[in-house]
Amino acid sequence: MVDLDSEVPPLPPRYRFRDLLLGDQGWQSDDRVQVEFYMNENTFKERLKLFFIKNQRSSLRIRLFNFSLKLLSCFLYIVRVLLDDPTQGLGCKELNRSCSSNQNYTPGTIDWSPIIWVNRSLPLWGLQVSVAVISLFETLLLSYLSYKGNIWEQILRIPFLLEIINAVPFIITIFWPVLRNLFIPAFLNCWLAKHALENMINDLHRAIQRTQSAMFNQVLILISTLLCLIFTCICGIQHLERAGNRLTLFDSLYFCIVTFSTVGFGDVTPKIWPSKLLVVIMICVALVVLPIQFEQLAYLWMERQKSGGNYSRYRAQTEKHVVLCVSSLKIDLLMDFLNEFYAHPRLQDYYVVILCPTEMDAQVRRVLQIPMWSQRVIYLQGSALKDQDLLRAKMDDAEACFILSSRCEVDRTAADHQTILRAWAVKDFAPNCPLYVQILKPENKFHIKFADHVVCEEEFKYAMLALNCICPATSTLITLLVHTSRGQECQQSPEQWQKMYGRCSGNEVYHINLEESTFFAEYEGKSFTYASFHAHKKFGVCLIGVRKEDNKNILLNPGPRYIMSSTDICFYINITKEENSAFKKQEKHRKNHESKLSYHGASRLPVHSIIASMGTVAIDLQDTGCRASSGATLALPPDGGKEGRRPSIAPVLEVADSSSLQTCDLLSDQSEDETTPSDDEVSAGLEYAKGYPPYSPYIGSSPTFCHLLHEKVPFCCLRLDKGCQHNYYEDAKAYGFKNKLIIVAAETAGNGLYNFIVPLRAYYRPKKELNPIVLLLDNPLDDLLRCGITFAANMVVVDKESTMSAEEDYMADAKTIVNVQTLFRLFSSLSIITELTHPANMRFMQFRAKDCYSLALSKLEKKEREKGSNLAFMFRLPFAAGRVFSISMLDTLLYQSFVKDYMISITRLLLGLDTTPGSGFLCSMKITEEDLWIRTYARLYQKLCSSTGDIPIGVYRTESQKLATSESQISISVEEWEDTKDTKEQFSFRGNHRNSTSSDQSDHPLLRRKSMQWARRLSRRAPRHSGKTAEKINQQRMNLYRRSERQELAELVKNRMKHLGLSPAGYDEMNDHQNTLSYILINPSPDTRLELNDIVYLIRPDPLTYVPNAAPSRKNSFCNTVGQDTREETQL
């Protein structure tokens, strides 16, 4: 038996990995067999088929050659016609016939000789025969190669029949010379040329792997069909009329154009019936063929209009454009984008390409047909996930790409997933295109960290809702800052508050390099607070932050220790940017008492600023001593009231030294709060520590230093309405909270709530001001009462996600609006803060149908919208007071980032979403009676800068409405209004602290006219009594009706509270704040008067930046506390 091991040879060296790497050449002497593989291409027919049909490039060459032959055949026919003269009687000599048209001709008969016989020279005949032989051979070969078993299908094809008619007669003349002058309709080769052209275009697309638009192909077919019809008719008429009018080619062309254009002059007409019959046939063919072609072209044109066509490469390379990618385009989103994008002067030459997968909406189509937008906006229907559509939009040449999420989707997570895929697709196709992405949920943000700018809706929404509870109307402040406006809204209104509010709403955030700035160049080498105060006093601009040249982080109010450098980028708030400002020098005429002011730079200040700060400003003084009274409070100096002189304020230091900072004690309030806990805190068992939250709810959340409990609370204790083994409380009142509650009514406890809680627990907030937070996932009346709504500070209502997708877009807020209206009627004194989906629905908040003041504001809004204002809704009282906002308003934040790349960072710092070491934070202070000695905004600015280092950026003001704004007051008569006018003015007078720039607001002509109209209507309906008696009766009836309704609601609430075992003592059913209006003044003028209960927005420097290393007693305790918090951070 043979050994198997000896029979099996070892593997050649080439199969060994080591030998393969080392390059062993021993395998070259081995015998090898070469195997070739064929794919049914070994026959001659298959090789020909591969060359003529299958191979794209060779097939394209064959098509091009065939197309050239057909054109050459038509050209030779034209040459033969031009050389032929039918009067010579040539072409029939071989048959011994006279072809002269003058012989044997009688009227009514047709001489067929000129039609059958033509004069064809020998060289021309040779060329035509050669072309015919080649064409016929090629046609027969292609028919043989494409034969699939049915020979009649090949023979009866129209192109094959035309080829036989045009080529076979020429070949016959080779063997029968007598027929050399026989007429052959070679002009029909134009139809074969058209067929070859269509095939050639298809092969061209296959060869270059690119597809032209269907519109191009259809237009090409239509033009070629029309040309073939005209050419056939020209040649046919000319040849048949050889026996008639003997028309030339030009006459035939003229006749065909006149006939096909339906003009029909009649100067050239066919004389014999064959010509007339040909004209009839050609017209019938045209009536059948051309409408079909036009129908297909019109259909493709309509489809192209829907899809939007292409954005040409030439335009993309010569013009600038941005791409807007959305899943569905609504008219509100489109107009917000266009108005905000084109509000900047340098973007006027940009084009906007909209890429949307859905068909264009009817309203959007009407808007894009307006000449203002039709020349600059291009709509493309397509998907951002398809490279072909991105190529149509020329994404690789775009200046930026905006990707917006659909907030109206029921599943917001799914909407984010679509946004993420779009961002990935754009980044893959155009890596260098800047991305501006809007995301809905914060947990999905880390997927698009590569984007240049990202706005997370829930982050901003909850942060603004939280700050609204601390700093009233923060949402309105941020919204006005991120909207582009010229401050011209409502400047013709008789209402003074509307003028001031509209003018201040034009303030925006701008930036400029310090060394290039007229505003700030002179403050190089001086402290930030010094530069901020004097720039506001001199130019009216508010310097809020800086950024170093070598650092990307923006610092809001870095404090008095920060020294301005020439390379710093300054961020300031002003009506317009410095580049668009005009500076006018004014001569200041001062009296002899100017030398008593201790002020050396007054000549550079406006007159109103000098008067407002007279005796209070000391600029460029080197005496940096800090008074004891210049602490964090605005207390009146001890000698302020002596001898009737206005109290003085310490100067703002050019450069702050460490001694002055310690004396001024910038952290006095915080250090006092950080000492030993109070008795209340000890009794309540609350022990707070400062540190970072131990857990992050989602990837990408910014760590924030905040107040924490030393021990984690058990989950069972988080249920407020149910007791557990640790406590037995079942309602908020039983807990005995010292501060008022903040109630959040939301549909689900999402990760975005983290951004609501953190600002309310930030480390810079004193412990004694921390408000308990109650999360209410459902809001029936019983749960509202249990969670302590009767003594809550704020009620925050978050828009319900489940209602965002409605059949009618604007109905998405219906549930939220009705629920808030119910709360408004039941608890009229409750401060309710609401978030809506659509800004247009803000007019329904706290809705009262018979409120004449609200009706007047509604008309005002319509007028401002007609004038083209982007902020027409800003005069609605709930929005102006910060009671309602729409997150869609922050879409402009993403649009502004294209021009101002710092806007998102500044907004996140203001809202507390990001914390940068050394950067300040937004807070507020209230003007009390003890603070009214400050008098003006400029003096307040100086006081804050010189004492605490705070930078004021605006004022939140609340005023009482002077006229009737409720149903009980509508029926007041004109005489009674005149009688009570003085009384109301005295009641609303606030002492000597009225704003000097605001006139008396007791005159409301529009509202007065409304009240008079209502009074007349009610008086006409009343019985015939004396004037004042009828008015009093109507007023009493209305008051009784209103009171009875309130009492009914009050009884309902009290009965439910008694049923739940709650005390109704805290329910104040008659407290009503509906007769007040609130508004914001962003960066008001320096001479603006402060009023009682004004709330001033401040950017306070970071307290941790100025903690001294070695400070006595109180400061030391604060430092130790901070150190303990840092050490406990790891344990938490």
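The following dialogue explains how to read several features of a predicted model.

Me: Which conventions apply to the numbering and to the model itself?
Reply: Residues are numbered from 1 along each chain as its sequence is written, and side-chain values use heavy atoms, with hydrogens and water left out. The model is predicted, and local features need pLDDT of at least 70, side-chain atom pairs count only at pLDDT 80 or more, while totals for chains, interfaces and linings use all residues.

Me: How many salt bridges does the structure hold?
Reply: A salt bridge is a side-chain nitrogen of Lys or Arg within 4 Å of a carboxyl oxygen of Asp or Glu. The structure holds 16 salt bridges. One of them joins the side chains of K194 and E198 at 2.7 Å, N to O. Both residues belong to helix α9 (residues 189-208), four residues apart, about one turn of the helix. Helices (H or I, at least four residues) and strands (E, at least two) are DSSP runs, numbered from the N terminus.

Me: Is K194 buried or exposed?
Reply: Buried means under 20% relative accessible area, exposed over 50%, and partly exposed in between (1.4 Å probe, protein chains only). K194 counts as buried because its relative accessibility is 16%. E198 is partly exposed, since its relative accessible area is 24%.

Me: Which parts of the chain does the pair E1091 and R957 link?
Reply: The side chains of E1091 and R957 form a salt bridge at 3.8 Å, N to O. This pair links distant parts of the chain, 134 residues apart: E1091 is in the loop between β20 (1076-1082) and β21 (1095-1100), and R957 is in strand β19 (residues 951-960). E1091 counts as buried, because its relative accessibility is 1%, and R957 is buried, with a relative accessible area of 0%. Elsewhere, a network of salt bridges links K445, E459, R908 and D914.

Me: What is the nearest side chain of opposite charge to K394?
Reply: For charge, Lys and Arg count as positive and Asp and Glu as negative, while His and the chain ends are not counted. K394 is buried yet has no salt bridge, and the nearest side chain of opposite charge, D396, is 7.1 Å away. K394 sits in the loop between α17 (387-392) and β4 (400-403). A polar contact is a pair of N or O atoms within 3.5 Å; within protein, one must be able to donate a hydrogen and the other to accept it, and residues adjacent in sequence count only if both atoms are side-chain atoms. The K394 side chain reaches the backbone oxygen of L391 at 3.0 Å.

Me: Which backbone oxygen does the side chain of S946 reach at 2.8 Å?
Reply: That oxygen belongs to Q942. The side chain of S946 also reaches the backbone oxygen of K943, at 3.2 Å. S946 lies in helix α35 (residues 937-947) and is buried, with a relative accessible area of 10%.

Me: Which residues make the nonpolar surface patch?
Reply: Patches are made of residues with over 30% relative accessible area and no salt bridge; like charges are joined within 9 Å, and nonpolar side chains (Val, Leu, Ile, Met, Phe, Trp, Tyr) within 5 Å. Here W112, I116, W273, L277 and I281 make a nonpolar patch of about 500 Å². Its largest share, three residues, comes from helix α12 (residues 273-307). W112 counts as partly exposed, at 39% relative accessibility.

Methods:
Areas by Shrake-Rupley, 256 points an atom, 1.4 Å probe, with all protein chains shown as cover.
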